[in-house]
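Reader: Can you walk me through this structure? Keep it short, please.

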Amino acid sequence: MARPMTHAHTALVLIDLQRWIVDRPWQPMGGAAVADACGRLREHFAAADSALVVLVRHVQADGGLAAAANRPVPGFAVRADEYAVVKHGLDAFEGTGLHEGLRRAAIMEVVLAGLATAYGVEATAATAVRLGYEVTVVPDASASESDAQHHEALDRLVALGVRVRTVDSLVGS
């Protein structure tokens, strides 16, 4: 049985919810469904005063942050009380200051969701484990290029000690 999650010292990290990524074909669910599930998580965590929400964007070199393809999908603009990270590779910790920001906020646990399970989510989760965070990945708020790739990535993460929990188990629905 999974240990109850408290929001004290917890950050929800939502990965790569911008147009050029969400619009690609994903499995076992499409990008729009992943974004919807991430939205549910975001609203739940935002309602908890002690939780931090982090939005991570992978920016294509062409066009920079302002390019239409690099903009967040509707509903995922960064809010005033959220932390934003721009990355240029798979791992949201690599060269971004994310670890330092989480430490300043006394974060000890990260919950990861977004795109793609076998890329940004997996790389970020593996680094978070190495950095000493307790890590949870939300499989029904993540997807990959194929169903098999999605599940293989989750299996690798579980082998590292990452917990896997559904959206409903986290939001209490």
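Predicted model: local features only at pLDDT ≥ 70, side-chain atom pairs only at ≥ 80, totals over all residues.

Reader: OK. How many strands form the sheet, and in what order?

Author: There are 6 strands, in the order S3-S2-S1-S4-S5-S6. The sheet is open and its pairing is parallel. Strands (E, at least two residues) and helices (H or I, at least four) are DSSP runs, numbered from the N terminus. Two strands pair if DSSP finds at least two bridges between them.

Reader: Which strands stand at the edges?

Author: Strand S3 (83-87) and strand S6 (163-164). Each has a single partner strand, so one side of each is left without a neighbour in the sheet.

Reader: How many bridges join S1 to S2?

Author: 5 bridges join S1 (residues 10-15) and S2 (residues 52-58). Val13 has Val54 in S2 as its bridge partner.

Reader: And which strands does H2 touch?

Author: Helix H2 (residues 31-47) packs on the sheet and touches S1, S2, S4 (109-115) and S5 (134-143). Contact means heavy atoms within 4.5 Å. The direction of H2 makes about 140° with that of S5. Helix H5 (residues 147-160) also packs on the sheet, touching S5 and S6. For H5, the angle with S5 is about 170°. Axes are lines fitted to C-alpha atoms, for helices over the stretch in contact, and angles run from 0 to 180 degrees between N-to-C directions.

Reader: New topic. How many salt bridges does the structure hold?

Author: It holds 9. A salt bridge is a side-chain nitrogen of Lys or Arg within 4 Å of a carboxyl oxygen of Asp or Glu.

Reader: What does Arg42 pair with?

Author: Arg42 forms a salt bridge with Glu82, with the closest N and O atoms 2.8 Å apart. Arg42 lies in helix H2 and Glu82 in the loop between S2 and S3, so the pair ties together parts that are 40 residues apart in sequence.

Reader: Are those two buried or exposed?

Author: Arg42 and Glu82 are both buried. Buried means under 20% relative accessible area, exposed over 50%, partly exposed in between (1.4 Å probe, protein chains only).

Reader: What about Arg79?

Author: Arg79 forms a salt bridge with Glu43, the closest N and O atoms being 2.4 Å apart. Arg79 is in the loop between S2 and S3 and Glu43 is in helix H2, so this pair ties together parts that are 36 residues apart in sequence. Arg79 is partly exposed, at 31%. Glu43 is partly exposed too, at 43%.

Reader: And which residue meets Arg163 in a salt bridge?

Author: Glu109, at 2.4 Å from N to O. Arg163 lies in strand S6 and Glu109 in strand S4, so the pair ties together parts that are 54 residues apart in sequence. Glu109 is buried, with a relative accessible area of 5%. Arg163 is partly exposed, at 21%. Glu109, Arg163 and Glu134 are linked in a network of salt bridges.

Reader: Let's switch to H4. How many of its residues are buried?

Author: In helix H4 (residues 117-130), 10 of the 14 residues are buried, so it is largely enclosed by the rest of the structure. Among the buried ones are Thr117, Val121 and Glu122. The buried residues of H4 pack against S1, S3, S4, S5 and H5. Just after H4, Gly132 takes a positive phi of about 95°.

Reader: Where are the cis peptide bonds?

Author: One joins Gln27 and Pro28, with omega about 5°. Pro28 sits in the loop between helix H1 (19-22) and H2. Another joins Leu115 and Ala116, with omega about -5°. Ala116 is in the loop between S4 and H4.

Reader: Last one. What is the phi of Asp16?

Author: Near 60°, a positive value in a residue other than glycine. Asp16 lies in the loop between S1 and H1. Asp16 counts as buried, at 5% relative accessibility.

Technical notes
Residues numbered from 1 in each chain as written. Heavy atoms only, no water.
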